[in-house]
Amino acid sequence: MDKRPDENPTQQVKDRLHEAFDSQIPNFASYNLVAGTGIAGSGGLKVIGYRRQPAELIIAPVNASSLEASEDAININNTNVNQLAELSDGGYEIAISTGRVFRFSVPEAPSIDLHVDDAVSIGATLDQKSDAEDFADFMDHFMNTIEGTENFV
């Protein structure tokens, strides 16, 4: 992929984030994607894929400089989730059976730097307001299914 910015650096950021997710997930088209920012100990940029049927999410950590996958994506569903919580600041905390804990938020307009080379980076802001709202609705559903107040479909 050409690393020089074209007329639309925001589109390049979106494309690279999609590529970081899609390259790891065979059925990537089944998921809605949002950019998440890590907080408190699980910092960093993440591409978060989610779907309602079956209800699950995938967290794909991304290297903030290259916008490439920084580690393997983690699938989270009813078989490995230990704890789900909405934090007072609007973020989320998810603990899985391996002991790993993710704390992240899904901002409506995250600002992500597109690093062209060692000396040049361009700021891009993603407009994901409607996606962030849909993700919040999904998380309500996901938390209710894990707690057993909704069917896990």
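**View A. Ile76 and its contacts in the predicted model.** Start with Ile76: setting aside neighbours within four places in sequence, this residue is in contact with Glu56, Leu57, Ile59, Val81, Ile94, Ile96, Phe102 and Phe142.

**View B. The largest nonpolar core.** Here 22 residues come together, and those touching the most other members are Leu57, Ile76, Ile94, Phe104, Phe135, Met139 and Phe142. H2 gives the most, with six residues.

**View C. The hairpin of E6 and E7.** Strand E6 (residues 92-96) runs antiparallel to E7, and four bridges hold the pair together. Look for Glu93, whose bridge partner in E7 is Arg103. Four residues lie between the two strands, and in that turn Gly99 has a positive phi of about 95 degrees.

**View D. E7 with strand E1.** E7 (residues 101-105) also pairs with E1 (residues 32-38), again antiparallel, through two bridges. In this pairing you'll find Thr37 opposite Ser105.

**View E. The largest pocket.** This pocket holds about 190 Å³ of space. Its lining is made up of Lys14, Leu17, His18, Leu33, Val34, Ala35, Val47, Leu126, Asp127, Gln128 and Asp131. Helix H1 (9-22) and E1 are the elements that give two or more residues to this lining. Sorted by type, the lining has six nonpolar, two polar and three charged residues.

Methods: Residues numbered from 1 in each chain as written. Predicted model: local features only at pLDDT ≥ 70, side-chain atom pairs only at ≥ 80, totals over all residues. Heavy atoms only, no water. Pairing = 2+ DSSP bridges. 1 Å grid on protein atoms, 1.4 Å probe; cavity = no way out; pocket = protein on both sides within 12 Å on 5 of 7 lines; lining within 4 Å. Points joined across faces, edges and corners; volume = space filled by probe spheres on them. Nonpolar A, V, L, I, M, F, W, Y, C, P; charged D, E, K, R; others polar. Core = buried A, V, L, I, M, F, W, Y, C linked by side-chain atoms within 4.5 Å. Buried < 20%, exposed > 50% of the residue type's maximum accessible area, 1.4 Å probe, protein only. Contact = heavy atoms within 4.5 Å.
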